[in-house]
Amino acid sequence: MADEEEAMAAAYAGEGGEVNDFETYQESEFAEGDEYEDGHVLQLTAERNDSIAQFNDHHDSVYCIDTLPVAPFNLFASGDGADKAYIWRLVPNEQQAQTEGSATEQAEGENNGEESKQEQESQPKLTQLFKGEKVCELEGHTETVEFCKFDSSGKWLVTGGMNNLLRVWDVENSFALKKTLDNIPQEDLNFVEWHHQAPVLITGGKDLMVWLVNALNGKVLASFIGHEEEVLTAKFSIEDKGKHIVSVSADKTIRVWSPITQDCVTKIKSFGHGSKKLFHEKQILCFALHPEIPVVISGDEEGKVYVSQYMTGEVNGILG
């Protein structure tokens with residue numbers, strides 16, 4: 001049996017005894033009797049990496065990531081559970097370029113086409129064409145970083161975390177800290193969203209409110225009160241260029257707000273199973289806004305999806 005074990009180990013190993021992959025083999029695959037138990041790990045090695053690049057400065061769970069929405073589209077922001085937020089970029093892997101260049105030159109120098117092909121294939125090939133290069137760390141966070149979002153212009157970045165303190169960073173000024181938004185209540189924040197055209201953002205959470213804030217000076221422009229339970233998320237409307245705010249709450253309602261009057265202009269809710277106007281009876285988990293017409297599509301925890309006109313409150317129907 002010892003010889004069988006050695007042969008088996010060799011079959012699953014590469015040169016120098018390196019094992020080719022992480023695997024858990026069942027005893028029924030290659031053994032008789034009770035020599036191996038199902039689930040026994042026989043070989044371990046590094047996992048295969050098919051990424052084009054990787055960034056390795058995080059040493060805890062990564063909770064958020066966003067990409068710069070303007071050219072050259074190579075900058076990223078990310079935050080983790082160790083109170084760290086980083087800016088990093090994708091850059092060409094020079095080692096890869098040199099390897100490919102030498103392989104091409106060698107291929108051109110061969111007279112025999114088949115030999116050229118074999119020589120080129122024998123050259124070492126790196127799987128990563130790019131590498132993640134740290135630009136800077138966004139310092140000052142004292143809790144898990146849960147949010148990092150660039151605005152649509154690519155000029156500003158907001159980060160925030162479990163201490164519910166939002167920070168705005170100046171992208172064009174080497175990510176200098178522009179403003180700490182400390183004028184909003186320090187209740188647990190569930191979301192932060194930028195306006196599509198202005199340096200203004202909305203946030204909110206367990207205080208049952210939605211806050212509209214000037215991101216550059218920290219001034220609270222408006223607060224929206226009416227939800228009866230925590231606000232799960234909110235977005236600026238798209239079809240009218242952000243003239244309204246649409247919010248979703250644990251109270252199973254969708255509400256539409258006017259930033260100018262601070263009034264709730266529409267509320268979509270269920271009136272019970274006996275009502276002709278059916279809507280969510282369970283907590284709403286997600287929603288999306290149509291880009292051209294005032295329509296919201298929302299989904300809940302029991303698998304139902306509704307389509308509604310958010311400016312009139314009319315529920316058009318259920319999709320699932």
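The legends below describe close-up views of a predicted model of one protein chain.

**Figure 1. Overview of the protein chain.** The chain has 320 residues, of which 38% count as buried. Its secondary structure consists of three helices and 20 strands. Among contacts between residues at least 6 apart in sequence, 42% join residues at least 24 apart. The chain exposes about 17900 Å², and carbon and sulfur atoms supply 47% of that area.

**Figure 2. The open sheet E1-E2-E3-E4.** Four strands make up this sheet in the order E1-E2-E3-E4, and their pairing is antiparallel. Strand E1 (62–67) and strand E4 (130–137) stand at the edges; each has a single partner strand, so one side of each has no neighbour in the sheet. From one strand to the next, the twist averages 30°. E1 and strand E2 (residues 75–80) run antiparallel and are joined by five bridges. Within this part of the sheet, Asp-66 stands opposite Ala-77 in E2. In a regular strand, side chains alternate between the two faces of the sheet.

**Figure 3. A salt bridge between Asp-57 and Lys-134.** Side chains of opposite charge can pair when their charged atoms come close. A search of the whole structure finds seven salt bridges. One of them joins the side chains of Asp-57 and Lys-134, with an N to O distance of 3.4 Å. Asp-57 lies in the loop between helix H1 (2–11) and E1, while Lys-134 is in strand E4, so the pair links distant parts of the chain, 77 residues apart. Asp-57 is partly exposed, with a relative accessible area of 27%. Lys-134 also counts as partly exposed, at 41% relative accessibility.

Figure 4. Lys-84 forms a salt bridge with Glu-137, and their closest N and O atoms are 3.2 Å apart. Lys-84 is partly exposed, with a relative accessible area of 31%, and Glu-137 is partly exposed at 26%. Arg-89 forms a salt bridge with Glu-133, where the closest N and O atoms are 3.3 Å apart. Here the link runs from Arg-89 in strand E3 to Glu-133 in strand E4, 44 residues apart. Arg-89 is partly exposed, with a relative accessible area of 28%, and so is Glu-133, at 34%.

**Figure 5. Cysteines without a disulfide.** A disulfide is a covalent bond between the sulfur atoms of two cysteines. The cut-off used here is a pair of cysteine sulfur atoms within 2.5 Å, and by this rule the count comes to zero disulfides. For Cys-148, the closest cysteine sulfur is in Cys-64, at 3.3 Å, which is too far for a bond. Cys-148 counts as buried, at 5% relative accessibility. Cys-136 also counts as buried, at 19% relative accessibility, because buried means under 20%.

**Figure 6. The open sheet E9-E10-E11-E12.** This sheet of four strands has the order E9-E10-E11-E12, with antiparallel pairing. Strand E9 (189–194) and strand E12 (220–225) are the edge strands, and each pairs on one side only. On average, neighbouring strands of the sheet are turned by 15° against each other, direction ignored. Five bridges join E9 and strand E10 (residues 200–205) in the antiparallel sense. Glu-193 has Ile-202 in E10 as its bridge partner.

**Figure 7. The buried residue Ser-237.** Ser-237 sits in the loop between strand E13 (231–236) and strand E14 (245–249). Ser-237 has 0% relative accessibility and so counts as buried. Leaving aside neighbours within four places in sequence, Ser-237 is in contact with His-196, Gly-242, Lys-243, His-244, Leu-289 and Tyr-310.

Figure 8. Strand E15 (residues 254–257) pairs with strand E16 (residues 264–268) in the antiparallel sense over four bridges. Trp-257 has Cys-264 in E16 as its bridge partner. This hairpin has six residues between the strands, and Gln-262 takes a positive phi near 65°. Strand E17 (residues 284–289) and strand E18 (residues 295–300) run antiparallel, joined by five bridges. They form a hairpin with five residues between them. The bridge partner of Cys-286 is Gly-299 in E18.

Conventions. Residues are numbered from 1 along each chain as its sequence is written. This is a predicted model: local features need pLDDT of at least 70, side-chain atom pairs count only at pLDDT 80 or more; totals for chains, interfaces and linings use all residues. Side-chain values use heavy atoms; hydrogens and water are left out. Helices (H or I, at least four residues) and strands (E, at least two) are DSSP runs, numbered from the N terminus. Buried means under 20% relative accessible area, exposed over 50%, partly exposed in between (1.4 Å probe, protein chains only). Contact means heavy atoms within 4.5 Å. Two strands pair if DSSP finds at least two bridges between them. Axes are lines fitted to C-alpha atoms, for helices over the stretch in contact, and angles run from 0 to 180 degrees between N-to-C directions. Accessible areas come from the Shrake-Rupley method with a 1.4 Å probe; for residues, only the protein chains shown count as cover. A salt bridge is a side-chain nitrogen of Lys or Arg within 4 Å of a carboxyl oxygen of Asp or Glu.
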